[in-house]
Amino acid sequence: MSSVITFVKTIEVNLQGQSDALSLIKEDDWQNWFQIWLNHTLTKTFVPEATGYELSLRLTDDQEIQSFNDQYRQKDQPTDVLAFAALEVETPTLEGLDSLYLGDIVISLETAQQQATAQGHSLETEVIWLASHGFLHLLGWDHPDQKHLEEMLFHQEDLLNLIGISLLLR
């Protein structure tokens, strides 16, 4: 008789932003959701092996995200979510690494609210949807064309289903 040992990788979430925005969703919930997403996606990505992973999530407004969008993407307009992946270049396997920084996710609550209203769901649901999108970007997913976008949206919906949120594909 053989037994299977599953090693759960840990993830550390650094939550930043305005104090009223930070109360939207509890930090423990974010920690739990990103942990579930990481465990689900780690075998499906090319992220180097580490004993732990870290990311930063910043909830902000249109003015700040527009500044980031202009500075890093040369698009002088607000957007809903930006992801700054720390692993955008090929990285060798880093055996024994204590913690691997995945990158930063920035979400505009103003744009998220507009989209939530248009989609007919809560701001909380929209923010979680956007966080899942940013998370996939940190793990190397991208959507340069419609086919890849549809695939990524399917994976986002899968991530939300894992934490008990059900949405119809957009």
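Me: Which handedness does the crossing of helix 2 and helix 5 have, left-handed or right-handed?
Reply: This is a predicted model: local features need pLDDT of at least 70, side-chain atom pairs count only at pLDDT 80 or more, and totals for chains, interfaces and linings use all residues. Helices (H or I, at least four residues) and strands (E, at least two) are DSSP runs, numbered from the N terminus. A crossing is left-handed if the near helix is turned anticlockwise from the far one by less than a right angle, and right-handed if clockwise. Helix 2 passes helix 5 in a crossing that is right-handed.

Me: At roughly what angle do the axes of helix 2 and helix 5 cross?
Reply: Residues are numbered from 1 along each chain as its sequence is written, and side-chain values use heavy atoms, without hydrogens and water. Axes are lines fitted to C-alpha atoms, for helices over the stretch in contact, and angles run from 0 to 180 degrees between N-to-C directions. Helix 5 covers residues 123-138. The two axes come within 11 Å and cross at roughly 40 degrees.

Me: Which orientation class do helix 2 and helix 5 fall in?
Reply: Angles under 35 degrees count as roughly parallel, over 145 as roughly antiparallel, 65 to 115 as roughly perpendicular and the rest as oblique. The crossing is at roughly 40 degrees. Helix 2 and helix 5 are therefore oblique.

Me: How many nonpolar residues are in the contact of helix 2 with helix 5?
Reply: Contact means heavy atoms within 4.5 Å. Trp30, Trp33, Phe34, Trp37, Leu38 and Thr41 of helix 2 meet Val127, Ile128, Ala131, Ser132, Phe135 and Leu136 of helix 5. Ala, Val, Leu, Ile, Met, Phe, Trp, Tyr, Cys and Pro count as nonpolar, Asp, Glu, Lys and Arg as charged, and the others, Gly among them, as polar. The contact has no charged residues and two polar ones, and its nonpolar count is ten.

Me: How far apart are the axes of helix 2 and helix 6?
Reply: Helix 2 spans residues 27-41 and helix 6 spans residues 146-162. They pack at an angle of about 125 degrees. That makes helix 2 oblique to helix 6. Their axes are apart by 10 Å.

Me: Which residues of helix 6 meet helix 2?
Reply: The crossing of helix 2 and helix 6 is right-handed. By class, its contact has five nonpolar, two polar and one charged residues. On the helix 2 side stand Ile36, Trp37, His40 and Thr41. Their partners in helix 6 are Asp158, Leu159, Leu160 and Leu162.

Me: How many polar residues are in the contact of helix 5 with helix 6?
Reply: These two helices pack at an angle of about 120 degrees, with their axes 9 Å apart. The contact has eight nonpolar residues and one charged, and its polar count is five.

Me: Is Ile128 buried or exposed?
Reply: Ile128 sits in helix 5. Leaving aside neighbours within four places in sequence, it contacts Ile25, Trp30, Trp33, Trp37, Leu160, Ile163 and Ile165. Buried means under 20% relative accessible area, exposed over 50%, and partly exposed in between (1.4 Å probe, protein chains only). Because its relative accessibility is 4%, Ile128 counts as buried.

Me: How far apart in space are Ile105 and Ala131, C-alpha to C-alpha?
Reply: Ile105 lies in strand 4, residues 100-108. Its relative accessible area is 0%, so Ile105 is buried. Beyond four places in sequence, its contacts include Phe34, Val81, Ala131 and Leu138. Ile105 and Ala131 are 26 residues apart in sequence, and their C-alpha distance is 7.0 Å.

Me: Which residue meets Arg58 in a salt bridge?
Reply: A salt bridge is a side-chain nitrogen of Lys or Arg within 4 Å of a carboxyl oxygen of Asp or Glu. A search of the whole structure finds one. At 3.0 Å, N to O, the side chain of Arg58 meets that of Glu64.

Me: What is the phi of Gln74 near?
Reply: Most residues other than glycine have a negative phi. Gln74 lies in the loop between helix 3 (62-73) and strand 3 (81-85). It counts as exposed, at 61% relative accessibility. Its phi is positive, near 55 degrees.
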